[in-house]
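Hello,

Here is the structure I promised to pass on. Have a look at it first, and my notes follow below.

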Amino acid sequence: MSDANIPGDLKYTAEHEWARIQGNKVVVGITHHAQQTLGDVVYVELPKTGAKVAKGEPFGTVESVKAVSELFSPLSGTITKINEELTASPETLNEDPYGEGWIIELELSDSSQLGELLDAAAYAELLKNA
């Protein structure tokens, strides 16, 4: 996998979610690897705005032609935005996983968890060893 598919400005989880840190807000999506493994995404179940999520806990699901997969929160916090476009156009996760295919934005409740996320190099290494 080329490093172009692992943006250096994001943080990652071993469950193939990414996090774009913007102060105390974090935008979350699934990685290129995740969408490629899933295949064509046909449905995304999103949480409600205002819901509290805990690091490592499921917050929604992605359904593809191959499988249904849970989405796991990379950090704890409160959901401040959801990408409602995914309801009508779930294929956006396949087409632009790091841009228009973002899933939720949350407000961090515990910034100490940031250090537990993988950087791009560590995530690339995880994929190599998978």
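Helix 1 (32-38) gives four residues to the lining of the largest pocket, the largest share. Helices here are DSSP runs of H or I with at least four residues, strands are E runs of at least two, and both are numbered from the N terminus. The pocket has a volume of about 170 Å³, taken as the space filled by probe spheres set on grid points joined across faces, edges and corners. Glu15, Ala34, Leu38, Ser69 and Glu70 are the closest to its centre among the 14 lining residues. Besides helix 1, strand 7 (68-72) also gives two or more residues to the lining. A pocket is an open set of points on a 1 Å grid over the protein atoms alone, where a 1.4 Å probe fits, with protein on both sides within 12 Å along at least five of seven lines; lining residues have an atom within 4 Å of a point.

Please keep in mind that this is a predicted model, where local features need pLDDT of at least 70 and side-chain atom pairs pLDDT 80 or more, while totals for chains, interfaces and linings use all residues. Residues are numbered from 1 along each chain as its sequence is written, and side-chain values use heavy atoms, without hydrogens and water.

Now the sheet: six strands form an open, antiparallel one in the order 1-2-3-9-8-5. Strand 1 (11-12) and strand 5 (52-53) are at the edges with a single partner strand each, so one side of each has no neighbour in the sheet. Strand 5 pairs with strand 8 (residues 77-82) over two bridges, and pairing requires at least two DSSP bridges. Val53 has Gly77 as its bridge partner in strand 8.

Best wishes
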